[in-house]
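Let's take a walk through this structure together.

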Amino acid sequence: MTTLSVRNLPADVHRELRLRAARKGRSMEAEARAILTEACRPRRPIAEVVAELQRWIDESYGGAKPEGVVDELIRERRAEAARE
């Protein structure tokens, strides 16, 4: 394991990290580690996500799938991701 020191952390960021950690019952260090781990986690290729979504829709709707439902769900997911 390696060590990372963060200098000049703004007071409001420090306070929010402390509160987040407390809400989750973790130390500030553990919360920072969790945040960094999540932020640096490899993302799945979009084609893989689209294929999974297509399989899920096919299984859910069977032969009664409405036209354009996949495109609509993909648009919704992209809009949701953009807001994050």
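The protein has a mean pLDDT of 89, and 99% of its residues reach 70 or more; pLDDT is the predictor's confidence in each residue, from 0 to 100. This is a predicted model, in which local features need pLDDT of at least 70 and side-chain atom pairs count only at pLDDT 80 or more, while totals for chains, interfaces and linings use all residues. Residues are numbered from 1 along each chain as its sequence is written, and side-chain values use heavy atoms, leaving out hydrogens and water.

Now turn to helix α2, which spans residues 28-40 (helices are DSSP runs of H or I, at least four residues, numbered from the N terminus). Arg33 and Glu29 both lie in this helix, 4 residues apart, about one turn. Their side chains meet in a salt bridge at 3.2 Å, N to O; the term stands for a side-chain nitrogen of Lys or Arg within 4 Å of a carboxyl oxygen of Asp or Glu. Glu29 counts as exposed at 57% relative accessibility, whereas Arg33 is partly exposed at 42% (buried is under 20% relative accessible area, exposed over 50%, partly exposed in between, with a 1.4 Å probe and protein chains only).

The structure holds 10 salt bridges. Another joins the side chains of Arg44 and Glu52 at 2.2 Å, N to O. Elsewhere, Arg20, Lys24, Arg26 and Glu31 are linked in a network of salt bridges.

Note on methods. Helix = DSSP H or I, 4+ residues; strand = E, 2+ residues; numbered from the N terminus.
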